[in-house]
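Here is a friendly briefing to read with the structure open beside you. It starts with the overall picture, then takes the helix pairs one by one and ends with a few residues.

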Amino acid sequence: MIDVTDDSPLADEPDTRALDDLLDGIFRAQERVEQAEIYRQAVAAELPPELLARIDALPEGEYAVDEASDLLGGSVG
C-alpha cells in the first residue's frame, strides 16, 4: 500500500521556514552580515540542528541575504 499522506519529494529535508524567517529578520536592517552573526542568531532562535549545521558550514565572511539564502537552501532573496 502506498502512503499518499506525504506527497512531498523533500519529506526528509528540514523545514526551511524558520531559516527564511531568521534571514528576513537579520537582513531587515543590514545589507551584509557575518557568518558568525547569522549562526549566533540561529542558535538563539533555536533552529533545528540540521539548519544550524548548514549555517556552521558556511565559510567565514560577510553575506548578502540572497547569497546566504542560496547557500543555506532558503527561499529569501
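Two residues are in contact here when heavy atoms lie within 4.5 Å. Helices (DSSP H or I, at least four residues) and strands (DSSP E, at least two residues) are runs numbered from the N terminus. With those terms in hand, Q35, I38, Y39, A42 and V43 of α2 meet L52, I55 and D56 of α3. This is a predicted model, in which local features need pLDDT of at least 70, side-chain atom pairs count only at pLDDT 80 or more, and totals for chains, interfaces and linings use all residues. Residues are numbered from 1 along each chain as its sequence is written, and side-chain values use heavy atoms, with hydrogens and water left out.

**The chain as a whole**

- The protein chain holds four helices and two strands, and they follow the order α-β-α-α-β-α along the sequence.
- The mean pLDDT (the predictor's confidence in each residue, from 0 to 100) is 85 for the protein chain, and 81% of its residues reach 70 or more.
- Residues 1–11 have a pLDDT below 50, and beyond near neighbours in sequence this stretch makes one contact in the model.
- Of the 77 residues in the protein chain, 30% are buried; buried means under 20% relative accessible area, exposed means over 50%, and partly exposed is in between, using a 1.4 Å probe and protein chains only.
- Among contacts in the protein chain with a separation of 6 or more, 58% join residues 24 or more positions apart.

**How to read the helix pairs**

- Each axis is a line fitted to C-alpha atoms, for helices over the stretch in contact, and angles between N-to-C directions run from 0 to 180 degrees.
- Angles under 35 degrees count as roughly parallel, those over 145 as roughly antiparallel, those from 65 to 115 as roughly perpendicular, and the rest as oblique.
- A crossing is left-handed if the near helix is turned anticlockwise from the far one by less than a right angle, and right-handed if clockwise.
- For residue classes, Ala, Val, Leu, Ile, Met, Phe, Trp, Tyr, Cys and Pro count as nonpolar, Asp, Glu, Lys and Arg as charged, and the others, Gly among them, as polar.

**α2 with α3**

- Helix α2 (residues 35–44) packs against helix α3 (residues 49–57) at an angle of about 165°, with their axes 9 Å apart.
- That angle makes α2 roughly antiparallel to α3.
- The crossing of α2 past α3 is left-handed.
- Sorted by class, the contact of α2 with α3 has six nonpolar, one polar and one charged residues.

**α1 with α2**

- Helix α1 (residues 17–27) and α2 pack at an angle of about 125°, and their axes are 11 Å apart.
- α1 and α2 are therefore oblique to each other, and α1 passes α2 in a right-handed crossing.
- L22, L23, I26 and F27 of α1 make this contact with I38, Q41 and A42 of α2.
- By class, the contact of α1 with α2 has six nonpolar, one polar and no charged residues.

**α1 with α4**

- α1 and α4 pack at about 160°, with their axes 10 Å apart.
- These two helices, α1 and α4, are therefore roughly antiparallel to each other, and their crossing is right-handed.
- From α1, L19, L23 and F27 meet V65, A68, S69 and L72 of α4.
- In class terms, the contact of α1 with α4 has six nonpolar, one polar and no charged residues.

- L23 lies in helix α1 and counts as buried because its relative accessibility is 0%.
- Leaving out residues up to four places away in sequence, L23 touches I38, V65, A68, S69, L72 and V76.
- L23 and I38 are 15 residues apart in sequence, and their C-alpha atoms are 7.8 Å apart.
- S69, in helix α4, is buried because its relative accessible area is 1%.
- With residues up to four places away in sequence set aside, S69 touches L23, G74, S75 and V76.
- G73 sits in the segment after α4 (65–72) and is partly exposed, with a relative accessible area of 41%.
- Not counting residues up to four places away in sequence, G73 touches T16 and R54.
- G73 and D20 are 53 residues apart along the chain, and their C-alpha atoms are separated by 9.2 Å.
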